[in-house]
Structure formats: C-alpha cells, structure tokens
Amino acid sequence: GFPVFLKLENEHATGAFKMRGALTAVRRLTAEQRSAGVLTYSSGNHGQALAFAAKRMGIRAVVVMPETAPATKVEGVKRWGGETVFAGTTSEDRYARGLEIAEAEGLTVIPPFDHPDIIAGQGTTGLEIVEQLPEVSHVVFPVGGCGLAAGVTTALTSLRPEARLTGVEPEGAAAFGAALDAGHPVRLEKTQSIADGLLPLSVGTITFNHLRGRADAVTVSEAAIARATLWLRSEAGVLAEPSGAVTTAAIRTGTIQPKGPTVLIVSGGNADEKVLKDLAYVVA
C-alpha cells in the first residue's frame, strides 16, 4: 500500500485550521475597521478563531452562533474574549442576525468561508503540505462552505498540479457534491450530521469557483464518521471532532483508495469527552 499521512490542524491554539484565515483577514483590515471591531456568524470554529485573532490585535469581536452550538465551542469563543450572540439553528439565521448587528454597531463582517482573505489564509495549509511532502499524490479535505477546500486546492493546483484533490462531506450535508452536479452552488433544504462544522446549506460562490474542475467529492455515513473519530482517538492518539474525522472515514471505508502518498487533513479537534461518549452510541 501507499503511505497515508494526517495533517493535524486540530493542534492550533483554537483547535482548528480556521485560525489561518481569521488572522489573515484581520491583519488585512484598515486601522479604521480594526478600531470599530469585527463580527462573524459561525457554528464555532471560525468564531473561536476570529475571537483569538481579534484579541491578539486588541480589537472587539462579536460571534453570532447557533442555539445548538456545542458548549466547548461557545466556551472557546468566550475564552478569547469574544462576545457571543445566539440566533436560530441554521447558517441563514446566523447570517441575518449578524448583518443586523454589524450594521447597527459599525462592525466589519468577516465571513466564515466565502471571502478572498479567508481562502488565502486557509490555503497556507496546502503550502505546508507541499513543503512537508513534495511527492504528495492525493490531498483529502473536509468540506463545509469550502474555504479550506478552496485554499488548499488553489495552493496544490499551482505547486503540485498532478495531485488529486478530494472533498469529503457527510451524507446528510452533501452541498459540494450537489454543486458539482449542477455546475453552481445549490441550496439544500436542510443539512444534518454529527459533523457540526460541515453543515452550511450551500457551499460558497467564491470558494466553488476555485474548486470547479479541480476537485471531486465523496460522502461518508454517520456511522463511518463516528467510527473514524473514535479510531483516531484510540489508535492514533488524535483528538479530532467528527468534522475533522471525515477524511479518515473516507479512507477507512475504502471510499478513497490511495494510489500514492496521501494526506488526510484533520481539520479540527474541538470535541470533548461527552461528544466521544455520544459517538459510541452512534456506532453501537
């Protein structure tokens, strides 16, 4: 067989790759925008990353989160001094509430994925993969809104054009596959999965334009995601959240067959022991 490597994005201070994009976006703001502060709408990881970046720059950050956000992610935003606001359960609920607050308080909106600075920041993951493994033949990434996917794909297309690129999504949230089939982003009626970081109703427009014709999509089942999360913890000593374990699930189920050195991006590790216990029931 061929070697399979894990790119451990769960090791960042805020537990996920989102720090790359958030720091890039905040650094590129004008002095005036910084002094007013920033806002985002996020299920958790981008919110934590933006709070962290804002704290480092000494500016205000407001994060609009779903009422169903995991406690670890809410605590994470607060730990870095972010202000939390709760709005509904869908990305659209958060978006609408976020725009209201931003307009009322003069805050600059830093979106979770569909923004050039965010994509550029997440793309540094791809730069590092090529630096660390120049002979990489296949890079596999989780897809939600596709910010990470777009950044990594852009980096790899330029530096390692022969590498295959695959996005993995839960069966209950296959927005990227739907977009590839249609040739443009498609809004799903609903998304549902234990992979709570991969549930946007649609991929981004900017992100999709980076991906079209360059990356393919596969899906994994809930049981496969749960098994992969537990396997990473017990066998590899890696604390991944379900969203970060979908790439491992794709290899473990044989959905992806390595044909050369393969890198699986573990996008985040913001799971607590309760999450892992609950996953044991999904598998049982």
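This is a predicted model: local features need pLDDT of at least 70, side-chain atom pairs count only at pLDDT 80 or more; totals for chains, interfaces and linings use all residues.
1. To find P66 in the viewer, go to the loop between β3 (61–65) and α4 (71–79).

2. What surrounds P66? Setting aside neighbours within four places in sequence, P66 is in contact with S42, S43, F86, A87, G88, T89 and R94. Take F86 from that list: P66 and F86 are 20 residues apart in sequence, yet their C-alpha atoms lie 5.5 Å apart in space.

3. Now zoom out to the chain. You can look for 12 helices and 9 strands. The radius of gyration is 18 Å, close to the 19 Å that the globule rule gives for 284 residues, so the chain is as compact as a globular protein of that length. Along the principal axes, the C-alpha trace spans about 55 × 45 × 35 Å.

4. How much of the chain is buried? Of its 284 residues, 54% count as buried. The accessible surface comes to about 11700 Å², and carbon and sulfur atoms hold 52% of that area.

5. Contacts across the sequence deserve a point of their own. Among contacts with a separation of 6 or more, 72% are between residues 24 or more positions apart.

6. Next, the interior. In soluble globular proteins, nonpolar side chains tend to be buried together. Here the largest nonpolar core has 25 residues, and those with the most contacts inside it are V139, F141, L156 and F176. Two or more residues of this core come from each of α6 (116–132), β6 (138–142), α7 (147–159), α8 (175–182), α9 (205–211) and β9 (262–266). Which element gives the most? That is α7, with 4 residues.

7. Not counting residues up to four places away in sequence, V139 touches I129, V152, L156, R164, L165, T166, V263 and I265.

Definitions and conventions:
Residues are numbered from 1 along each chain as its sequence is written. Side-chain values use heavy atoms; hydrogens and water are left out. The radius of gyration is taken over C-alpha atoms; the globule rule is 2.2 Å times the number of residues to the power 0.38. Buried means under 20% relative accessible area, exposed over 50%, partly exposed in between (1.4 Å probe, protein chains only). Contact means heavy atoms within 4.5 Å. Accessible areas come from the Shrake-Rupley method with a 1.4 Å probe; for residues, only the protein chains shown count as cover. A nonpolar core is a set of buried Ala, Val, Leu, Ile, Met, Phe, Trp, Tyr and Cys residues joined through side-chain atoms within 4.5 Å.
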